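Me: I've got this model open and I'd like a close look at a single part of it. Could you walk me through that part and how it ties into the rest?

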Amino acid sequence: MARHVVAMVDDIPPGKRKLVSVKGREIGIFNVGGEYFAVGNRCPHEGASLCKGRIVGLVESSEPGSYQFSRRGELLRCPWHGWEFDLRTGKSWCEPDRTKVRSFELKVESGGALVEGELQAETFPVSIEKQYVVIEV
């Protein structure tokens, strides 16, 4: 799999997202409390731009009139029909065994790690001070 630098960490603050294109695919990168997740920008229901939907949490009820809110910012709601997907797994919240959006592995790597590899060329000292979000596709 090829690695692609898609953003600097500072480009995606907590609670925000960035839509990127990698090898012709639109992918949404989400920062959930400092953790990064990536999902395809196509709702499996009817093809909406999923990553343009609202980022929401989970509301649960153990009995009428009693509600608990959890998982703030971890679910993505489709802008067309309201289907919700777990940003951690890509699975539909309503039908996790049958429906999911494609998710991608992300890593946060220092700029110095991005230039390491098998092939070497003549090098010059360089200081890299930022961190970058890298996706494998």
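Me: Let's take the salt bridges around R88. Which residues do the salt bridges that share partners join into one network with R88, and where does the strand that holds E35 sit in its sheet?

Reply: Happy to. Keep in mind that this is a predicted model. A search of the whole structure turns up 5 salt bridges, and the ones that share partners join E35, E74 and R88 into one network.

Start with E35 and R88. Their closest N and O atoms are 2.9 Å apart. This pair links distant parts of the chain: E35 is in strand β4, while R88 is in the loop between β7 (84-86) and β8, 53 residues apart. E35 has a relative accessibility of 39%, so it counts as partly exposed. R88 comes out at 36% and also counts as partly exposed.

Now the other partner of R88. R88 forms a salt bridge with E74, with 3.1 Å between the closest N and O atoms. E74 belongs to strand β6 (residues 66-77) and R88 to the loop between β7 and β8, so this bridge ties together parts 14 residues apart in sequence. Is E74 buried or exposed? It is buried, because its relative accessible area is 13% and the cut-off for buried is under 20%.

For another salt bridge, look at R98 and E95, whose closest N and O atoms are 3.1 Å apart. R98 is exposed, at 70% relative accessible area, and E95, at 30% relative accessibility, counts as partly exposed.

Back to E35 and its strand. β4 covers residues 35-40 and belongs to an open sheet of 4 strands, in the order β2-β3-β4-β8 with antiparallel pairing. The edge strands there are β2 (17-22) and β8 (103-104), each pairing on one side only. β4 and β8 pair over 2 bridges in the antiparallel sense, and the bridge partner of V39 in β8 is S103.

Next to β4 in that sheet order is β3, which spans residues 25-32 and includes N31. N31 counts as buried because its relative accessibility is 4%. A polar atom of the N31 side chain lies 2.7 Å from the backbone nitrogen of G34. Leaving out neighbours within four places in sequence, N31 contacts I12, P13, P14, G15, K16 and Y36.

I27 touches, among others beyond four places in sequence, V20, V39, F104 and I135.

To zoom out, the chain has 1 helix and 10 strands, and its elements run β-β-β-β-β-β-β-β-β-α-β from the N terminus. Of its 137 residues, 34% count as buried. Among contacts with a separation of 6 or more, 47% come from residues 24 or more positions apart. The chain exposes about 8,800 Å², with carbon and sulfur atoms supplying 48% of that.

Conventions:
Residues are numbered from 1 along each chain as its sequence is written. This is a predicted model: local features need pLDDT of at least 70, side-chain atom pairs count only at pLDDT 80 or more; totals for chains, interfaces and linings use all residues. Side-chain values use heavy atoms; hydrogens and water are left out. Buried means under 20% relative accessible area, exposed over 50%, partly exposed in between (1.4 Å probe, protein chains only). A polar contact is a pair of N or O atoms within 3.5 Å; within protein, one must be able to donate a hydrogen and the other to accept it, and residues adjacent in sequence count only if both atoms are side-chain atoms. Contact means heavy atoms within 4.5 Å. Two strands pair if DSSP finds at least two bridges between them. Accessible areas come from the Shrake-Rupley method with a 1.4 Å probe; for residues, only the protein chains shown count as cover. A salt bridge is a side-chain nitrogen of Lys or Arg within 4 Å of a carboxyl oxygen of Asp or Glu.
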